[in-house]
There are 2 protein chains.
Amino acid sequence: MYTDAASMKLIGQAFPLKSFHRIDTNAHRNFSAGIKRLLTNGAGLVISFKTNSPRIAAKWCVSSSKPHNNMTPIVDKGLDLYIKRNGKWEFAGVGRPNAVCNEFVMVKDMEKGEKECLLYLPTYDEVKSLSIGIDSGCKIASGNDPFTKKKVVIYGSSVTQGASASRPGMAYPARLSRDMGINFVNLGLSGSGKMEKEVADMVASIQADAFILDCFANPSPEQIAKRTAYIVKAIRAKHPNAPIIMIQSVFRETGNFDLTVRKFVERQNANTLTEYQKLLKEGVKHLYLIPGDNLLGKDHEGTTDGTHPNDIGFDRMLQVIKPAISPLLN
Amino acid sequence: MYTDAASMKLIGQAFPLKSFHRIDTNAHRNFSAGIKRLLTNGAGLVISFKTNSPRIAAKWCVSSSKPHNNMTPIVDKGLDLYIKRNGKWEFAGVGRPNAVCNEFVMVKDMEKGEKECLLYLPTYDEVKSLSIGIDSGCKIASGNDPFTKKKVVIYGSSVTQGASASRPGMAYPARLSRDMGINFVNLGLSGSGKMEKEVADMVASIQADAFILDCFANPSPEQIAKRTAYIVKAIRAKHPNAPIIMIQSVFRETGNFDLTVRKFVERQNANTLTEYQKLLKEGVKHLYLIPGDNLLGKDHEGTTDGTHPNDIGFDRMLQVIKPAISPLLN
């Protein structure tokens, strides 16, 4: 028995929307085509439901885009199911994609009783349709939003969007939400988190308690120098007291031996620091910087492809980011 | 300028072979077709070379098999390059696959000087051809085998073979080799590490200093009860003093909520323990067991798909396995 997930609580959107998109791109016609497409990807979107079915399946359709060579199809186009146990969200199963339209039993043979469930959508593809399957005779209903303590926007790059976590629930904003009970809104824009004015204005217009700018891997050093002040001031103008937390780019492990790449990231991070210091001098309050130099550890094993963290890399990022942001969000 | 990698030192084979296969399947006509195919996969195979080129590229062809939905194409069909620095092997770049035949610049713009390089082959596909590209005017030559302290065979499942590490060098036997300077021969047979008599005989025939049996996730509990004594005794008959280290199956995180899966793995691991204890009682010496219950940690986040470790899961496995085997191999 399948139920359309559109009738269930959808978590993770910056503004409430009917579709499984992150942002209503019709309302932002000045965004580039690439950014609009990325905003249709399901990164950070989660369906909340409850059911007493011992078996939970899903039918879903994504686009026909070619899978990325640095990600599992599961994180790219698949689903990730968590169930609450003893007050904690625990992994229960995945939806493995094999085609544009897929059907997969994510978990079965569970013990009796109603369960609260969170279903993470694909981080790098658009969900065109999604329905949740349960055993006949069982019940399913929309769930609550468990991440209501605060709302924090993370605007960033492919790393924010979730490349290259192993599955959607392992993207670092998703892990932060489960850990902290906070709604971290994933506005990671793979390769395109470049602080364009129109995107900065959209980010600033979101009603949120804090803003994390993890967007310093995508713009050139020159773009960082040119654009950082604008997005910070745009946010500050609309949110006088919200913490704004800048995160320098992760070290690019392709730059472990490639001196050109290394130099480029050093210049990105130097300019990020300079802009941060200038803004502080200008009197911008509640502005913070998390240094990038230790985000992936020191053994050079924290990426899938030299650029995007693997799950070890994300784990190390969280060990730096979580203690840095926790006092600012309490 | 491309050089055929067949002219370079090839590390990781149980017996020296001309092809990029793990075992000469023509010499084992009684193996199943599935096992023969898996033995053509490049898991654990490494090309050792040295070059003074600031740029290293690769051209390689694999099969036309469909990529697995629980792995990155990089670990499945791609390449992973390490370079020695200050006596340690450090990540340098990957070869990203996009088709059956691929060409990719793995690293460029390196500082001058000769470098020792290790190139890991795809863990889940056959390499039909491979050549290494350097800048014209530079030199390339076959390298040494850095893993000569000992030779240890790991016979096992998909987990051994490398599912679902992010890239070939992150499969746990590969990580052990770099960490310990020991040649861990990867005989992981995805889904097919079932201790069949003919495979057990082949494993026992390998000249090695120790044997790790990480093969208790694939056979049924009944097969474990029936076959474990045979493979242990076959190895012991040929290698009177070599440590034989059994590793219980990792906890299947699909069994976190699925009671049938959980029960099945519990029975696998109970039977593995029983067989171990029977063999000890019979007087088999130098036989060890690593318990499976803590291999992936306790937060249920250590897999990509509920079955196969992600890089966090492999990291946790190594935290258990390395201290357990180190004293036995010294």
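In this predicted model, Lys233(A) has a relative accessible area of 37% and is therefore partly exposed. Its salt-bridge partner is Glu282(A), with 2.7 Å between the closest N and O atoms. This pairing ties together distant parts of the chain: Lys233(A) belongs to helix H6 (residues 221–238) of chain A, while Glu282(A) sits in the loop between H7 and strand E15 (287–290) of chain A, 49 residues apart.

In chain A, Asp201(A) forms a salt bridge with Lys197(A), the closest N and O atoms lying 3.0 Å apart. Both residues are found in helix H5 (residues 197–204) of chain A, where four residues, about one turn of the helix, separate them. Asp201(A) counts as partly exposed because its relative accessibility is 26%, and Lys197(A), at 48%, is likewise classed as partly exposed. With a relative accessible area of 28%, Asp201(B) is partly exposed. Salt bridges that share partners also build one network out of Asp80(A), Arg167(A), Arg178(A) and Glu301(B). Over all chains, the structure holds 34 salt bridges.

Turning to the organisation of chain A, the chain is divided into domain 1 (2–142) and domain 2 (151–329). The contact draws on 33 residues from domain 1 of chain A and 31 residues from domain 2 of chain A. Taken over C-alpha atoms, the centres of the two domains are 25 Å apart. The size of an interface is often given as the accessible area lost when the parts come together. Between domain 1 and domain 2 of chain A, the buried area is about 2500 Å², with carbon and sulfur atoms giving 64% of it.

One salt bridge is found across this domain interface. Arg167(A) and Asp80(A), both members of the network described above, have side chains that meet in a salt bridge at 3.1 Å, N to O. Polar contacts between the two domains of chain A involve 16 residue pairs, both residues at pLDDT 80 or more. On the side of domain 1 of chain A that touches domain 2, two or more residues come from each of helix H1 (33–39), helix H2 (73–77), strand E5 (79–85) and strand E6 (88–95) of chain A. The class make-up of that side is 21 nonpolar, 10 polar and two charged residues.

Of the area that chain A buries against chain B, 20% is supplied by Asn69(A), Phe91(A) and Phe257(A), more than by any other three residues.

Eight salt bridges are counted between chain A and chain B, along with 34 residue pairs in polar contact, both at pLDDT 80 or more.

Asp258(B) gives a detailed view of a contact between the chains. Asp258(B) is placed in the loop between strand E14 (244–247) and helix H7 (259–281) of chain B. Its relative accessibility is 4%, so Asp258(B) counts as buried. Leaving aside residues up to four places away in sequence, Asp258(B) touches Val107(A), Lys108(A) and Asp109(A). With Lys108(A), the side chain of Asp258(B) forms a salt bridge at 2.8 Å, N to O.

Within chain B, Ser53(B) lies in the loop between strand E3 (46–51) and strand E4 (56–61). Ser53(B) is buried because its relative accessibility is 0%. The Ser53(B) side chain reaches two backbone atoms: the oxygen of Arg55(B) at 2.5 Å and the nitrogen of Asp135(B) at 3.0 Å. Not counting residues up to four places away in sequence, Ser53(B) touches Met110(B), Ile134(B), Asp135(B) and Cys138(B).

Notes:
Residues numbered from 1 in each chain as written. Chains lettered and ligands numbered in written order. Predicted model: local features only at pLDDT ≥ 70, side-chain atom pairs only at ≥ 80, totals over all residues. Heavy atoms only, no water. Buried < 20%, exposed > 50% of the residue type's maximum accessible area, 1.4 Å probe, protein only. Polar contact = N/O pair within 3.5 Å; in protein donor to acceptor, adjacent residues only side chain to side chain. Contact = heavy atoms within 4.5 Å. Domains from an automatic or database assignment. Buried area = accessible area lost by both parts, 1.4 Å probe. Salt bridge = Lys/Arg side-chain N within 4 Å of Asp/Glu carboxyl O. Nonpolar A, V, L, I, M, F, W, Y, C, P; charged D, E, K, R; others polar.
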